[in-house]
Amino acid sequence: MIKPIILFALFLMFYCKTYAQPQKAISHLECEYLTKPHGLDTTNPHFSWQLNPQSITQQKSYRIMVASNHDLLNDNTPDLWDSGIINDDASTNITYTGKQLKSFQSCFWKVLVWDNKRKKPFESDVSTFDLGPLSSQKWKAKWIGANKSIPKNNFPIFSKIVEIHEDFDRAIIDVNCLGYFELYINGKKTSKDILTPSVSDYSKHSLYLTYNIKPYLQLGKNTITLWCAHGWYRNKSKSYGVDHLIPLIRAQIRLSYKNRHQTIGTDTSWYCKASNRSYIGGWKWNNYGGEKVNLNKMTDLNSHKLTKNKGWIKASYYNVSSKPAINQRNNPTYLQDTITPQNIKIINDNELLVDFGRHLTGWIKLNLPKEQCDSIIHIEYIDRILDIKSITSVRNSRMIKAFNNTEWKKGYQSFSQIDQVISSPQKNGTFQNKFNYRGFRWVKISGLHKLDKKKIQAFSLYENNKKMSEFTCSNPLLNKIWDAVVNTYRALNYSGYVVDCPHRERFGYGGDSHSSLETGMSIFDLAALSNKWAIDWNQGINDNGMWPHTIPESNIHKNKFSPGWGGFGLFLPWNAYRYYGNFTTLKASYPQMKRWMSYMKSKCINNILCQDSTLSKKERLWSFHGDWVAPHYGMSPKHRVDSLSTAFFNNCFYLYDLKLISKIASTLGYEQDAKKYNEMYQISRKAVHKKFYSSERGCYVNGEQPYQAFPLLVGVVPANLTDKIDNYLENLILVKNKGHLNSGMLGTYFLLEYLMQSDRNDLIYTMVNQKTFPGWGYMIENGATTIWEQWNGNNSQMHNCYLSIGKWFIQGIGGIQLKDNTYGFSHFVIKPCIITGLDHAKVTYDTRYGTISSQWNKSQNLFTHKITIPTNTKADYTLPKNFHGTVKVNGKNYKTLTDKDKNSFITLPTGTYEIELGLKTKFPIAK
């Protein structure tokens, strides 16, 4: 027996040595928040990296090297930039300050890091980035579109045969499309991207993408094919910058040989052809149409003969308004999860209802057996199976009238999401979406008599942003709410912005995203997304300084003013700075922020913000929104919160923006501006209190929750009334509202924000733990897998309204919080959440420095907390007010400090710790 054991041990040693790869000391190299990006249009990119705590606990110095070829970095002799040894622990957002970078330049970079323990530096692998066309003069390609003989609703394909007769070192293509496109070379799709490019306002700019296509090219003939669709470039009356009603494209291939370069661009030497796909329906509110696919025709993506008898005709030139093309800075949208049906119900002889068991934004793939198909298959995507009796509060009368005519009579809600398939009688066929997307749980198929579960799949789609956090706790309801929040945010984040819903509107509303942004940043890596979306907001501001409701802009929202919606133009870049350290975007956004504040100041009368009287009656009707879709209120003007309470809410928001821009100005070093905005704030907050506080009733305006929490948060309440309003709010939650919240989209965000800052996680937990109306638990009890548009379940079943609770799971229960006057979690706070009813929780959050872990367990009078602090960071561990005795860290007594608010805390450097605290209050263990 001894010999086999020895042999096995030797095998294990050999296996581990051969196959177990040690973790790199330096990893996660990023440029502009992306990994190995192509086509950058900035000549001063930013670099970041992450350190492995098993190798480095604290960075002392770094050295970045950028070179024009890989070999120069092997010798540490970069020709573009050598930062030299910088004695600093910074490892994020380091700005390139080397030689001037040029269009189409390919760059290689690496970083060396020193710590306090060894003289020899740690060395990263080499990463890359390259630049795209840095000016319009660098575009040699022409805009082309389909010949007029091709129907305008068709999704055309464009092809050119390119011959290569010598070896090449590099092959890059820049693609600038108005609409959507997919790129194929020799019949193979060159990327996983879908619905490309991301959404932009064509009147401001379009987006280009750059791909490395060297792996797809061969010596000899190559068929280059671009398949295009309209997307947002379709409706002149609803979108800006649409000059034509067909998709247009320009693309240029750049081949680098040993001694020369070659550019091949789109022009009229390219050929076009109708595909087997076209759009049906509209591209507007409540009707984003679908695709019509003819399976009797094949779309030729690899034609070797572009001849007339094969259906090919010359592409046409098109004139396009001269707007800049900029690089797409966000991650692409991918197909992600595969979902199989939960069940398939036969409605009648040729109608089926497929239930995927959860809501998603995505596509389906349907295999169609010829013997079971009618000649035309109709597919409808359903968001909700309607039950009129379940509606529990006031509904929007206009919406009900519309639904009574269409959706409600059908018994389900689909928002006109349809596809049509012309099946083939000769052979089996396959349908899959391509240039549109759906928000659904159910799929109704008409014209199909029978379907096996294995013949249909759904694929969720969302932007390829890394999931940054995990959460689990002792309360199963909270775990389900967390899952629903994660699923919802995923379903709303694609194409370079976050939409309100994926089916009815698809707009990037500022109000919705103000309420959910920090939830998104607490769950996903939105660094690249916020970089792109902030550009949209900066360019989308109106000439008068008003930010509209939604950006990228759509025509129907241009002249609508609401502080909570337009104020997202401040909130987005500020939080990109707080969470990711994006100082560049914050600074670039500041001029527009000032214009926004000037616009709002111009709408003040006696220091009270008022509605914009210059707007039309219709525009005013859908402007100056306050808290949105609170319980027992609707969306139509007659069913909203009263006008006085709404005015108060908007004035609180004005004060919120004044405080925020004062802080931003100070962060940017504009101290005079900071002083000016603070003075405006001090004057306005007194005027707001005087106008809206009722001394007789002892509360603000209508007396409801958000109208007490918001003024407490922004400092409207005088010091002598703070305790009174605070107690009034607590009584509202626990007594009048019986432990439930009573707030809408923005009101919920500010209610949670105030309670978290006041260390009243107990009140938040009470509201979240309810299973009756209104609340997140009520949604879960009624089968929700995503978060609804309204608390009662009316309208959209996955919506960007009540996602603000997601932040609390990470920052409240997990206690992982940003520290004031710091950014990017280089120095952060861990603040334990000790409340009755919750016995344990485990939370992780990935920062750009590494993973923060917070795992705690509470017995009757003992609190144990295991935490991990990443390399190059430190944390202030705030002790709960009800702890007593000594604080033990890794079994040893630890001395505490006291902050300006008289909170006890300890500061801990990089490492893993187990903290034990005695508790004054004896907590019962939850059953």
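The sulfur of Cys-272 lies 10 Å from the closest cysteine sulfur, that of Cys-228, which is too far for a bond, and a search of the whole structure finds 0 disulfides (pairs of cysteine sulfur atoms within 2.5 Å). The model is predicted, so local features need pLDDT of at least 70 and side-chain atom pairs count only at pLDDT 80 or more, whereas totals for chains, interfaces and linings use all residues. Residues are numbered from 1 along each chain as its sequence is written, and side-chain values use heavy atoms, with hydrogens and water left out.

**Cysteines**

- A disulfide is a covalent bond between the sulfur atoms of two cysteines.
- Cys-272 counts as buried at 0% relative accessibility, where buried means under 20% relative accessible area, exposed means over 50% and partly exposed lies in between, with a 1.4 Å probe and protein chains only.
- Cys-501 is in no disulfide either, since the nearest cysteine sulfur, in Cys-801, is 9.0 Å away, and Cys-501 is buried, with a relative accessible area of 0%.

**Helix pairs**

- Helices (H or I, at least four residues) and strands (E, at least two) are DSSP runs, numbered from the N terminus; axes are lines fitted to C-alpha atoms, for helices over the stretch in contact, and angles run from 0 to 180 degrees between N-to-C directions.
- Helix H6 (residues 510-523) and helix H16 (residues 745-757) pack at an angle of about 30°, with their axes 8 Å apart, and they are therefore roughly parallel to each other; angles under 35 degrees count as roughly parallel, over 145 as roughly antiparallel, 65 to 115 as roughly perpendicular and the rest as oblique.
- The crossing of H6 and H16 is left-handed, a word used if the near helix is turned anticlockwise from the far one by less than a right angle, while clockwise is right-handed.
- In H6, Gly-511, Asp-512, His-514, Ser-515 and Glu-518 meet Met-745, Leu-746, Tyr-749, Phe-750 and Glu-753 of H16, where contact means heavy atoms within 4.5 Å.
- By class, this contact of H6 with H16 has 4 nonpolar, 3 polar and 3 charged residues; Ala, Val, Leu, Ile, Met, Phe, Trp, Tyr, Cys and Pro count as nonpolar, Asp, Glu, Lys and Arg as charged, and the others, Gly among them, as polar.
- Helix H14 (residues 706-714) also packs with H16, at an angle of about 55° and with axes 9 Å apart, and the two are therefore oblique to each other.
- H14 passes H16 in a left-handed crossing, and the contact is made by Pro-706, Ala-709, Phe-710, Leu-712 and Leu-713 of H14 with Gly-747, Phe-750, Leu-751, Glu-753, Tyr-754 and Gln-757 of H16.
- The axes of helix H12 (residues 643-668) and helix H13 (residues 671-692) come within 8 Å and cross at roughly 160°, and these helices are therefore roughly antiparallel to each other.
- H12 passes H13 in a left-handed crossing.

**Around helix H17**

- Helix H17 (residues 761-768) is mostly covered, with 6 of its 8 residues buried, namely Asn-761, Leu-763, Ile-764, Tyr-765, Met-767 and Val-768.
- These buried residues of H17 pack against several helices, including H5 (476-492), H15 (722-736) and H16.
- Asp-759 lies in the loop between H16 and H17, where its phi is near 60°, a positive value in a residue other than glycine, and at 27% relative accessibility Asp-759 counts as partly exposed.

**Backbone features in other loops**

- Most residues other than glycine have a negative phi, and most peptide bonds are trans.
- The peptide bond from Thr-196 to Pro-197 is cis, with omega near 0°, and Pro-197 is placed in the loop between strand E13 (188-189) and strand E14 (206-212).
- The peptide bond from Ile-551 to Pro-552 is likewise cis, with omega near 5°, and Pro-552 is found in the loop between helix H7 (527-540) and helix H8 (563-566).

**Two partly exposed residues**

- Gln-457 lies in strand E33 (residues 456-463) and is partly exposed, with a relative accessible area of 28%.
- Although Gln-457 and Phe-356 are 101 residues apart in sequence, they are 8.6 Å apart in space, C-alpha to C-alpha.
- Asn-302, found in the loop between strand E20 (290-294) and strand E21 (313-314), counts as partly exposed at 28% relative accessibility.
- Not counting residues up to four places away in sequence, Asn-302 touches Asn-186, Gly-187 and Thr-223.
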